[in-house]
Amino acid sequence: MPDTRPPRPNASEIRAITDAMVRLLIGAPLHSDGKLTIVSLAAEAGLRRNKLTHKHTGLKDLFYALVRGRDPFPETVPESARQAAAKPDPHPRRTRRSA
């Protein structure tokens, strides 16, 4: 009877991907441009991109979550927020003097 179970993920691929994640997230790439993208992660791991987008989707999702969690603020600030930050405070904090 043939084995119909799906093939188990390659442990060496998983290790290569997780090691590459660490290097990219700490800013010490060895084999890529260091950008926090799937393309760079695949290059850093020495794998083709489709290994991440089709086979190791859980690791791809983990990488995206770690990247998002690392920088919780958007890179661009809306113009309204920039203008609000530039306005002087209409109610400056007053200090009490002791008598």
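Tutor: We start with burial: a residue is buried under 20% relative accessible area, exposed over 50%, and partly exposed in between, with a 1.4 Å probe and protein chains only. Glu44 has 2% relative accessibility and therefore counts as buried. The model is predicted, so local features need pLDDT of at least 70 and side-chain atom pairs count only at pLDDT 80 or more, while totals for chains, interfaces and linings use all residues. Residues are numbered from 1 along each chain as its sequence is written, and side-chain values use heavy atoms, with hydrogens and water left out.

Student: Which residue forms a salt bridge with Glu44?

Tutor: A salt bridge here is a side-chain nitrogen of Lys or Arg within 4 Å of a carboxyl oxygen of Asp or Glu. Glu44 pairs with Arg23, and their closest N and O atoms are 2.7 Å apart. Glu44 belongs to helix α2 (residues 38–45) and Arg23 to helix α1, so the pair ties together parts that are 21 residues apart in sequence. Helices are DSSP runs of H or I with at least four residues, numbered from the N terminus. Arg23, at 18% relative accessibility, also counts as buried.

Student: How many salt bridges does this rule give?

Tutor: The count comes to 5. One of them joins the side chains of Glu13 and Lys51, at 3.1 Å from N to O. Glu13 lies in α1 and Lys51 in helix α3 (residues 49–55), so this pair links parts that are 38 residues apart in sequence. Glu13 is buried at 8%, whereas Lys51 is partly exposed at 28%. Shared partners join Glu13, Lys51 and Lys55 into one network.

Student: Where do Asp19 and Arg15 lie?

Tutor: Both lie in helix α1, 4 residues apart, about one turn of the helix. Asp19 is partly exposed at 29%, and Arg15 is exposed at 54%.

Student: What describes two packed helices?

Tutor: The angle between their axes and the distance between the axes. Axes are lines fitted to C-alpha atoms over the stretch in contact, and angles run from 0 to 180 degrees between N-to-C directions. Helix α1 (residues 11–26) packs on helix α4 (residues 57–70) at about 10°, with the axes 11 Å apart. Angles under 35 degrees count as roughly parallel, and α1 and α4 are therefore roughly parallel to each other.

Student: Which residues of α1 and α4 meet?

Tutor: Contact means heavy atoms within 4.5 Å. Ile14, Ile17, Thr18, Met21, Leu24 and Leu25 in α1 meet Leu59, Leu62, Phe63, Leu66, Val67 and Arg70 in α4.

Terms used:
Helix = DSSP H or I, 4+ residues; strand = E, 2+ residues; numbered from the N terminus. Parallel < 35°, antiparallel > 145°, perpendicular 65-115°, else oblique.
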